[in-house]
Amino acid sequence: GRHTMETGDIRLQPGLRLGMAVDDFLTFQQTGTTAQRTIDYGPLVVTGLVTGPELAMSWDDKVFGHVGLDFGFANFTSYYSLAFDMEVAYAFQDNLYAFVGADMIRRSLAVYMPYDGEKQQVGTLEDHINLYTIGIGWQM
């Protein structure tokens with residue numbers, strides 16, 4: 001369960017997320033000579049730990065929502081991603097509600113190559129996405 005704090009008509013429930021994630025980057029690789037080049041593409045799979053705080057909120061059982069922040073660690077050790085998500089909803093009938101939400105994800109991963117017996121950073125893979133949602137939901 002969650003610990004609930006009440007302030008007037010507002011209920012707050014702080015929490016901590018902890019889990020494992022399997023993520024991937026789309027990578028491109030050029031091979032061949034200057035006369036004949038080929039470009040291949042494929043996934044670079046990243047497995048790791050995801051953790052971060054979250055806060056759920058409810059006001060008079062009509063307005064409710066949550067906000068959360070996730071930090072991703074590639075191979076469970078190297079920080080590579082930051083994700084923010086939020087949603088606010090309004091129950092306009094007993095079992096129906098309307099909601100708006102947003103998700104923002106930023107990822108950055110260093111790329112290494114062996115050189116003279118040591119790892120040397122040769123680049124960085126980076127991407128980001130912003131998602132916005134609006135909709136109607138049914139609660140049971």
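Guide: Let's start with charge: Lys and Arg count as positive and Asp and Glu as negative, while His and the chain ends are not counted. A charge is placed at NZ of Lys, CZ of Arg, CG of Asp or CD of Glu.

Visitor: How many positive and negative side chains does the chain have, and how far apart are the centres of the two sets?

Guide: There are 8 positive and 17 negative side chains, with the two centres 2 Å apart. Before we go on, this is a predicted model, where local features need pLDDT of at least 70, side-chain atom pairs count only at pLDDT 80 or more, and totals for chains, interfaces and linings use all residues. Residues are numbered from 1 along each chain as its sequence is written, and side-chain values use heavy atoms, leaving out hydrogens and water.

Visitor: Okay, what does the secondary structure of the chain come to?

Guide: Helices (H or I, at least four residues) and strands (E, at least two) are DSSP runs, numbered from the N terminus. Here you get 0 helices and 7 strands, so the pattern along the sequence reads β-β-β-β-β-β-β.

Visitor: And what radius of gyration does the chain have, next to a compact globule of 140 residues?

Guide: The radius is taken over C-alpha atoms, and the globule rule is 2.2 Å times the number of residues to the power 0.38. A compact globule of 140 residues would come out near 14 Å, but this chain has 21 Å. Its C-alpha atoms fill a box of roughly 70 × 30 × 20 Å along the principal axes.

Visitor: Which side chain does the side chain of Asp-70 make a polar contact with?

Guide: A polar contact is a pair of N or O atoms within 3.5 Å; within protein, one must be able to donate a hydrogen and the other to accept it, and residues adjacent in sequence count only if both atoms are side-chain atoms. For Asp-70, the partner is the side chain of Arg-17, at 3.1 Å.

Visitor: Where does Asn-75 lie, and what is its phi?

Guide: Asn-75 lies in the loop between S4 and strand S5 (78-91), and its phi is near 55°, a positive value in a residue other than glycine. Asn-75 is exposed, at 59% relative accessible area.

Definitions and conventions. Buried means under 20% relative accessible area, exposed over 50%, partly exposed in between (1.4 Å probe, protein chains only).
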